[in-house]
Amino acid sequence: MFILFINDVADDLGKSVSVKLFADDVKLFSVVDCVSPANQLQVALDALVLWSRQWQLPINSSKCNVLHINCHENNVASTYAINSIDILGVKTT
């Protein structure tokens, strides 16, 4: 029943962001380059926040992380926020 309740969450997040749903988890991911800028992922996060407010399903930002994967070690990673709280970055090992 819960899946039916959250099934429309991906509808308003835009085409540049991919969405994976599993139980009560939502994963957003996107390729960020000169064609698809980093702000499109933030726009999708903002839309997710609006959706969560509308359906009264708060997002626990302390459980959110961002993972940057790139082939250049000197790239500066973009920062993202949910409800004006920066999402912590994680590193691959």
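Contact, in these legends, means heavy atoms within 4.5 Å. This is a predicted model, in which local features need pLDDT of at least 70, side-chain atom pairs count only at pLDDT 80 or more, and totals for chains, interfaces and linings use all residues. Residues are numbered from 1 along each chain as its sequence is written, and side-chain values use heavy atoms, with hydrogens and water left out.

View 1. Let's start with Gln42, which touches Thr79, Tyr80 and Ala81 once residues up to four places away in sequence are set aside. Helices (H or I, at least four residues) and strands (E, at least two) are DSSP runs, numbered from the N terminus. With a relative accessible area of 18%, Gln42 is buried (under 20% relative accessible area; exposed is over 50%, partly exposed in between; 1.4 Å probe, protein chains only). Its side chain also makes a polar contact with the side chain of Asp46, at 2.9 Å (a pair of N or O atoms within 3.5 Å; within protein, one must be able to donate a hydrogen and the other to accept it, and residues adjacent in sequence count only if both atoms are side-chain atoms).

**View 2. Ser52, also placed in helix 2 (residues 39-54).** Ser52 counts as buried because its relative accessibility is 7%. Beyond its neighbours within four places in sequence, Ser52 is in contact with Leu57 and Ile59.

**View 3. The hairpin of strand 1 and strand 2.** Strand 1 (residues 18-22) and strand 2 (residues 25-29) run antiparallel and are joined by five bridges; strands pair if DSSP finds at least two bridges between them. Take a look at Lys20, whose bridge partner in strand 2 is Lys27. Two residues lie between the strands, and Ala23 in the turn has a positive phi of about 55°.
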